[in-house]
Amino acid sequence: MAFLTEAEGRKLAERVLSFGSAPELQVFLNPGMNANTRFARNEVSTSGYIEPCVVTVAAQYGMKKGVSNTNQLDDESLKTVVRRAEELARLSPDDPETMPLIGPQKYIPRVGAFDDAAKVNADACARIAAEAIKKSEEKGLIAAGFIEHMHDCDVIANNKGLFGYQTTTGISYSVTVRSPDGTGSGWGGGTANQLSLFDPSSMTARAVDLAVRSQKPVALEPGNYTVVMPAECVADMVSTFGNGGLDARQADEGRSFMAKAGGGTKLGEKMFAERVNLYTDPTRAECPGNTWSGEGLASQRIDWVKNGVVKNLNYSRYWAQKQGKQPTPGVVNMIMDGGTSSIDEMIASTKRGLLLTRLWYIRFVDPQTYLLTGLTRDGLFLIENGKVTKPVKNFRWNETPVKVLRNIEMMGPQRRVITSEQDLNSSLLFPSLKVSDFTFSSLSDAV
């Protein structure tokens with residue numbers, strides 16, 4: 001089943017709930033379509049197409065919880081999945097952090113589905129791959145990439161009167177182009193919910209250009225450099241805040257960089273540069289967020305950082321109740337306001353520095369200082385006296401986005417990006433930055 005209307009989704013959810021006897025029962029439906037095309041070594045290698053409808057049932061008996069799922073929609077299968085969830089719940093130990101299911105919510109209509117993206121087909125994906133292969137072969141290069149498009153909906157409902165429905169479309173593309181001798185590599189990619197905002201040709205052109213210019217790099221000494229960071233690199237570092245960095249519990253318990261030494265949190269403190277505004281806004285059509293959180297709370301705009309000041313932390317329902325706070329629906333998308341400077345202007349203003357293309361294999365070193373480590377990839381270039389002069393070998397870096405957001409010298413316009421560490425359809429809207437004093441710790445043989 002590729003798609004459910006809202007009426008069909010409500011009817012199916014009510015049918016599932018009718019088969020249960022648990023005092024608290026919740027159902028999630030995720031029908032849709034997902035297709036992809038993969039190419040490598042200048043040849044299309046695989047393609048895929050699925051139309052699943054996953055039904056997930058969560059049952060609660062007081063503090064006991066059980067979850068089960070199925071992709072079969074006949075009555076017997078639905079009865080079985082409900083029965084299994086209830087049996088698991090009765091057998092499970094008490095979870096002291098279990099919260100009762102919530103009742104009806106007023107959800108903001110989702111702005112994430114567009115007809116042009118819903119109509120993307122295999123022919124369109126093949127044309128993207130063919131262009132990448134042709135442009136690469138013309139330069140004697142080797143291309144590999146992945147194109148994905150999807151159209152689905154989500155339904156949430158429970159036996160306390162909650163019901164929600166949202167639809168989503170999306171298309172994403174990631175391409176890596178290499179030189180035959182293995183010394184040059186370039187990357188391009190992007191994602192959008194509407195086809196009119198999606199330009200794969202420019203992504204391919206960027207990857208090809210970088211692969212040509214990054215060949216035969218020279219080695220530089222590790223150290224601290226001024227860097228020009230494309231929006232992808234900024235998002236790769238800063239979006240990690242959404243994976244626990246903004247969590248109120250971790251801050252209250254002293255386990256994050258938002259914790260104060262000796263107790264308390266940094267809520268209300270100015271931790272970043274004045275121009276840093278970081279927030280969630282599910283209504284942004286070019287970068288939409290989910291209508292509800294994982295707990296079913298209605299999504300809303302939340303300012304996490306305003307003019308450099310930490311304005312909010314993310315409270316789960318359990319932790320909010322424990323701390324006497326209001327729960328928050330969380331980071332359903334992440335947006336950072338931008339400026340007006342172009343990458344070229346950032347380069348022209350730099351006496352000596354590095355131009356980055358992409359970050360890779362980002363991992364935590366120390367959550368309490370929010371120190372991350374990773375590699376540069378797919379094109380790293382030396383800037384001298386306002387000009388890009390030569391490709392340089394890649395570095396391992398050790399840096400914290402906290403310092404990056406303090407050391408901003410210039411800021412570019414925001415744009416939606418994909419990153420190395422997030423799902424290709426993630427909703428991230430970030431600017432490019434020129435940043436001082438970025439720490440590179442050692443050379444890397446990665447290309």
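Trainee: Does Arg 41 count as buried or exposed?

Mentor: The relative accessibility of Arg 41 is 68%, so the residue counts as exposed, given that the cut-off for exposed is over 50%. Keep in mind that this is a predicted model.

Trainee: What is the phi of Arg 41 near?

Mentor: Start with the general idea: most residues other than glycine have a negative phi. In this structure, Arg 41 has a phi near 50°, which is positive although the residue is not glycine. Tyr 370 is another case, with a phi near 60°. Tyr 370 is in the loop between strand 14 and strand 15. Its relative accessibility is 2%, so Tyr 370 counts as buried.

Trainee: Which parts of the chain does the pair of Phe 257 and Tyr 370 tie together?

Mentor: Phe 257 is in the loop between helix 7 (248-252) and strand 9 (278-280), and Tyr 370 is in the loop between strand 14 (358-366) and strand 15 (371-377), so the pair ties together parts 113 residues apart in sequence. Phe 257 counts as buried too, at 2% relative accessibility.

Trainee: How is the pair of Tyr 318 and Trp 319 described?

Mentor: Tyr 318 and Trp 319 form a tilted pair, with 6.4 Å from centre to centre and 45° between the planes. Tyr 318 has a relative accessible area of 19% and is buried; the cut-off is under 20%. Trp 319 is buried with a relative accessible area of 6%.

Trainee: Which residues do ring pairs link into a cluster?

Mentor: The cluster linked by ring pairs consists of Tyr 225, Phe 395, Trp 397, Phe 438 and Phe 440.

Trainee: Rings can also sit under a charge. Which ring does the charged end of Arg 10 sit over?

Mentor: The charged end of Arg 10 is over the ring of Phe 163, at 3.9 Å from the ring centre. In another case, Arg 213 lies over the face of Phe 381, 4.6 Å from the centre of that ring.

Trainee: Turning to strands, what does strand 8 pair with?

Mentor: The general idea first: in a regular strand the side chains alternate between the two faces of the sheet. Here, strand 8 pairs with strand 20 (residues 428-443) in the antiparallel sense, over six bridges. Strand 8 also pairs with strand 13 (residues 352-355) in the parallel sense, over three bridges. Val 228 shows both sides: it stands opposite Lys 434 in strand 20 and opposite Leu 355 in strand 13.

Trainee: How many residues of strand 8 are buried?

Mentor: Six of the seven residues of strand 8 (residues 223-229) are buried, and the strand is mostly covered.

Trainee: Why is helix 6 described as largely enclosed?

Mentor: Eight of the eight residues of helix 6 (residues 231-238) are buried, so the rest of the structure largely encloses the helix.

Trainee: What does Gln 194 touch?

Mentor: Leaving aside residues up to four places away in sequence, Gln 194 touches Phe 114, Asp 116, Ala 117 and Ala 285. Gln 194 is in the loop between strand 7 (185-192) and helix 5 (200-213), and is buried with a relative accessible area of 16%.

Trainee: For the whole chain, how many helices and strands are there?

Mentor: The chain has ten helices and 20 strands. Its radius of gyration is 24 Å, close to the 22 Å from the globule rule for 447 residues, so the chain is as compact as a globular protein of that length. The C-alpha trace spans about 70 × 60 × 35 Å along the principal axes.

Trainee: What share of the chain do buried residues make up?

Mentor: Of the 447 residues, 53% are buried. The accessible surface of the chain is about 19,100 Å², and carbon and sulfur atoms hold 49% of that area. Among contacts with a separation of 6 or more, 74% join residues 24 or more positions apart.

Terms used
Residues are numbered from 1 along each chain as its sequence is written. This is a predicted model: local features need pLDDT of at least 70, side-chain atom pairs count only at pLDDT 80 or more; totals for chains, interfaces and linings use all residues. Side-chain values use heavy atoms; hydrogens and water are left out. Buried means under 20% relative accessible area, exposed over 50%, partly exposed in between (1.4 Å probe, protein chains only). Helices (H or I, at least four residues) and strands (E, at least two) are DSSP runs, numbered from the N terminus. Rings of Phe, Tyr and Trp (its six-membered ring) pair if their centres lie within 6.5 Å; planes under 30 degrees apart count as stacked, over 60 as edge-to-face and the rest as tilted. A charge sits over a ring if NZ of Lys or CZ of Arg is within 6 Å of the ring centre and within 35 degrees of the ring normal. Contact means heavy atoms within 4.5 Å. The radius of gyration is taken over C-alpha atoms; the globule rule is 2.2 Å times the number of residues to the power 0.38. Accessible areas come from the Shrake-Rupley method with a 1.4 Å probe; for residues, only the protein chains shown count as cover. Two strands pair if DSSP finds at least two bridges between them.
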